[in-house]
Amino acid sequence: MHEDLSVLRGILQRHLTGPRLDTVIPGLALHGATRPTAPSRGLYQPAMCLVLQGAKLVSIGDRTMRYDPASYFVASVELPARGCISEASPEHPYLAVSMTLDRTVLSDLLCDTPSLARAESGGTAGFGVNAVTPGLLGAMGRLLGLLDTPDDVPVLAPLIKREILFRLLQNDEGGLLRQIARSDSRLSRIHRAIGWIRAHFDAPLEIDHLAALAGMSRASFHRHFKAATAMSPLQFQKSLRLQEARRLLLSETDAQHTAFRVGYQSSSQFSREYARMFGLPPVRDVERLRDPSAAGEIQPATI
């Protein structure tokens, strides 16, 4: 696989001119860095990330994972996360490619491939790290190769992306992709609850409503939500609120008004929880972010 990785790195280095490039292939992005980065927070979308050189650390809830050219990261649901590039240098820059996951295609693949649909699924985890396979590298190489022949993208990219999802399903040790592809699975039902929290993050958290939305008892909902996201529903909502507050504070100076906008009834509680997450009270944190030397921390985490 060393030769395949070398070819893929060459393609990225020809096309990547900054820290991120959203390519002409829908859902495909290239990432690079010449030095390790400070941890940054953001909301990870359902996607996979394949590191071609260097390494990255990601923390979700109480779990921290490392992925590098021997492994890839997959998130099958939206997740508040904290990530940083841990290995990069001018001589050996961090190089990675990410691709969003198409739930419809995953479902079609399970219908077309009974052996994959029958494979044993694990728990309710919504993310994980798996070992890279030659089949996955080969398919990703063909997809990246289309960047050199953009006229071929409309016809060939959907076919190759389907193959990549097939390879991911083949290597889906924890069953998380099979779970999210099935509308009646526990993970899919938790995904519905996550969608409600995202859309109403500034509203009071109604566990009974979320449990009913997921078709579970309160106890079962709490257990499966924690398995999927590595955090409780309240922690999940709090992370969304504070990340949105940080974004708003970069354009607003009134911390109290921002606290109320994201759902807090107490500005003092907001300041305490903000400082606990970001290391400084709201006003001081925003002053630090507006400092040109800290510009890199303003960028949200990318998968």
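Visitor: Leaving aside neighbours within four places in sequence, which residues is Met-140 in contact with?
Guide: This is a predicted model. Contact here means heavy atoms within 4.5 Å. Once neighbours within four places in sequence are set aside, the contacts of Met-140 are Leu-8, Leu-28, Met-48, Leu-50, Val-97 and Ile-164.

Visitor: Which residues touch the most other members of the largest nonpolar core, and which helix gives that core its largest share?
Guide: The core has 92 residues, and those touching the most other members are Met-48, Ile-60, Met-140, Leu-143, Leu-144 and Phe-221. The largest share of this core is 7 residues, and it comes from helix H5 (residues 153–170).

Visitor: How are helices H7 and H9 oriented to each other, and what classes of residue make their contact?
Guide: H7 (residues 186–199) packs against H9 (residues 218–229) with the axes 10 Å apart and at an angle of about 85°. Angles of 65 to 115 degrees count as roughly perpendicular, so H7 and H9 are roughly perpendicular to each other. H7 contributes Arg-186, Leu-187, Ile-190, Ala-193, Ile-194 and Ile-197, while H9 contributes Phe-221, His-224, Phe-225, Ala-228 and Thr-229. By class, the contact of H7 with H9 has 8 nonpolar, 2 polar and 1 charged residues.

Visitor: Is Leu-57 buried, partly exposed or exposed?
Guide: Leu-57 lies in strand S5 (residues 55–60). Beyond its neighbours within four places in sequence, Leu-57 has contacts with Met-65, Arg-66, Arg-82, Gly-83, Cys-84 and Ser-86. Buried requires under 20% relative accessible area and exposed requires over 50%. The relative accessible area of Leu-57 is 31%, so Leu-57 is partly exposed.

Visitor: What distance separates the C-alpha atoms of Leu-57 and Ser-217?
Guide: Along the chain, Leu-57 and Ser-217 are 160 residues apart. The separation of their C-alpha atoms is 34 Å.

Key:
Residues are numbered from 1 along each chain as its sequence is written. This is a predicted model: local features need pLDDT of at least 70, side-chain atom pairs count only at pLDDT 80 or more; totals for chains, interfaces and linings use all residues. Side-chain values use heavy atoms; hydrogens and water are left out. Axes are lines fitted to C-alpha atoms, for helices over the stretch in contact, and angles run from 0 to 180 degrees between N-to-C directions. Helices (H or I, at least four residues) and strands (E, at least two) are DSSP runs, numbered from the N terminus. Angles under 35 degrees count as roughly parallel, over 145 as roughly antiparallel, 65 to 115 as roughly perpendicular and the rest as oblique. Ala, Val, Leu, Ile, Met, Phe, Trp, Tyr, Cys and Pro count as nonpolar, Asp, Glu, Lys and Arg as charged, and the others, Gly among them, as polar. Buried means under 20% relative accessible area, exposed over 50%, partly exposed in between (1.4 Å probe, protein chains only). A nonpolar core is a set of buried Ala, Val, Leu, Ile, Met, Phe, Trp, Tyr and Cys residues joined through side-chain atoms within 4.5 Å.
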